[in-house]
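Please read the following briefing alongside the sequence and the model. It is arranged by topic for a reader new to this structure.

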Amino acid sequence: MDFEAARANLIKHLSVEIEDEKVLAAMSHIPRELFIPQDEIHLAYEDRPLPIGFGQTISQPFIIALMTASLELTGEEKVLEVGTGSGYQAAILAELAKVVITVERMSALAVAANEVLSKLGYKNIKIHIAEHMLGWQLEAPYDAIIVTAGAPKIPEILVKQLKTGGRMVIPVGSRYDQDLYKIIKQKKENIVYNLGGCRFVPLIGEDAWMEEE
Ligand code: SAH
């Protein structure tokens, strides 16, 4: 399979709605096929989410591009990702920000993501196994936070880890479908935009969903 051609096609398709050239440029050279199970690589450049094992998924490229663009990265930021999964989103962030801190609650996924990101040579990504508290307090505050799992509400504990003026993008809704929210933290009332419908696996933890239901 010609991954280069498939990737170029996907970027062309995304560029109809995604205007952020830097996001498209990053996605146009990151090999998504390395972040998914071997038996799915023929689907690597379809604009759809794919299973990555353990009941988790790598997000749809369009949603990834939309979320990344909404963070308004310039290259100087410290970004937190909640939900490392395959590591693909972290690679995109690493191209567009200074440092990426990413947390994952499933250690097998964190280990696999670390392996592929190291192989690709990323030096500005730190992967941590998630702790009881959502996010990663130790390196807060962040210029931007991206949550790649769906929450029942905007978790206050994550807003606390954001700088004033910082952007957070997070799916909020039921366990099965959500709306994508962009929050800009303000000293007083935060600004919240609804970027539209989406579907993510649940964000698990205190301030989010219980593991089983
Ligand atoms: N960004 C990923 C997709 C992640 S899927 C990618 O590019 O592939 C969502 C991930 O969030 C899953 O791997 C799930 O295990 C993880 N997750 C769920 N709740 C979490 C929490 N509280 N902290 C960290 N990771 C969490």
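**Salt bridges**

In this predicted model, the side chains of Glu-72 and Lys-182 form a salt bridge with an N to O distance of 2.5 Å; a salt bridge is a side-chain nitrogen of Lys or Arg within 4 Å of a carboxyl oxygen of Asp or Glu. Glu-72 belongs to the loop between helix 3 and strand 3 and Lys-182 to strand 8 (residues 178–184), so the pair ties together parts that are 110 residues apart in sequence. Helices (H or I, at least four residues) and strands (E, at least two) are DSSP runs, numbered from the N terminus.

Residues are numbered from 1 along each chain as its sequence is written. Because the model is predicted, local features need pLDDT of at least 70 and side-chain atom pairs count only at pLDDT 80 or more, while totals for chains, interfaces and linings use all residues; side-chain values use heavy atoms, with hydrogens and water left out.

- Lys-182 counts as buried at 9% relative accessibility, whereas Glu-72 is partly exposed at 41%; buried means under 20% relative accessible area, exposed over 50%, and partly exposed in between (1.4 Å probe, protein chains only).
- By the rule given above, the count comes to nine salt bridges.
- Asp-177 and Arg-199 also meet through their side chains in a salt bridge, at 3.9 Å from N to O. This pair links distant parts of the chain, 22 residues apart: Asp-177 is in the loop between strand 7 (162–173) and strand 8, and Arg-199 is in the segment after strand 9.
- Asp-177 is partly exposed at 41% relative accessibility, and Arg-199 is exposed at 64%.
- Salt bridges that share partners join Glu-4, Arg-7 and Glu-33 into one network.
- Glu-4 is exposed, with 56% relative accessibility, but Arg-7 is buried, with a relative accessible area of 6%.

**Overall form**

- The protein has six helices and nine strands. Its radius of gyration is 16 Å, close to the 17 Å that the globule rule gives for 213 residues, so the protein is as compact as a globular protein of that length. The radius is taken over C-alpha atoms, and the globule rule is 2.2 Å times the number of residues to the power 0.38.
- Along the principal axes, the C-alpha atoms of the protein fill a box of roughly 50 × 35 × 35 Å.
- Of the 213 residues, 51% count as buried.
- Helix 4 (residues 88–96) is mostly covered, with eight of its nine residues buried; among them are Tyr-88, Ile-92 and Leu-96.

**Ligand surroundings**

- Of the 25 residues around the ligand, Glu-81, Gly-83, Ser-86, Glu-104 and Ile-204 come nearest; a residue is near a molecule or strand if one of its heavy atoms lies within 4 Å of it.
- An N or O atom in the side chain of Glu-81 is 2.9 Å from a nitrogen atom of the ligand, and a backbone N or O atom of Gly-83 lies 3.0 Å from a ligand nitrogen atom.
- An N or O atom in the side chain of Thr-148 is 3.1 Å from a nitrogen atom of the ligand. The protein covers 98% of the 580 Å² of accessible area that the ligand has on its own.
- Ser-86 lies in the loop between strand 3 and helix 4 and is buried at 11% relative accessibility. The side chain of Ser-86 reaches the backbone nitrogen of Tyr-88 at 3.1 Å.

**Backbone features**

- The peptide bond from Ala-140 to Pro-141 is cis, with omega near 5°. Pro-141 is in the loop between strand 5 (125–129) and strand 6 (142–147).
- Phe-54, a residue other than glycine, has a positive phi near 60°. Phe-54 sits in the loop between strand 1 (50–53) and strand 2 (56–58), and counts as exposed at 53% relative accessibility.
- Glu-72 likewise has a positive phi, of about 55°, although it is not a glycine.

Definitions and conventions. Polar contact = N/O pair within 3.5 Å; in protein donor to acceptor, adjacent residues only side chain to side chain. Areas by Shrake-Rupley, 256 points an atom, 1.4 Å probe, with all protein chains shown as cover.
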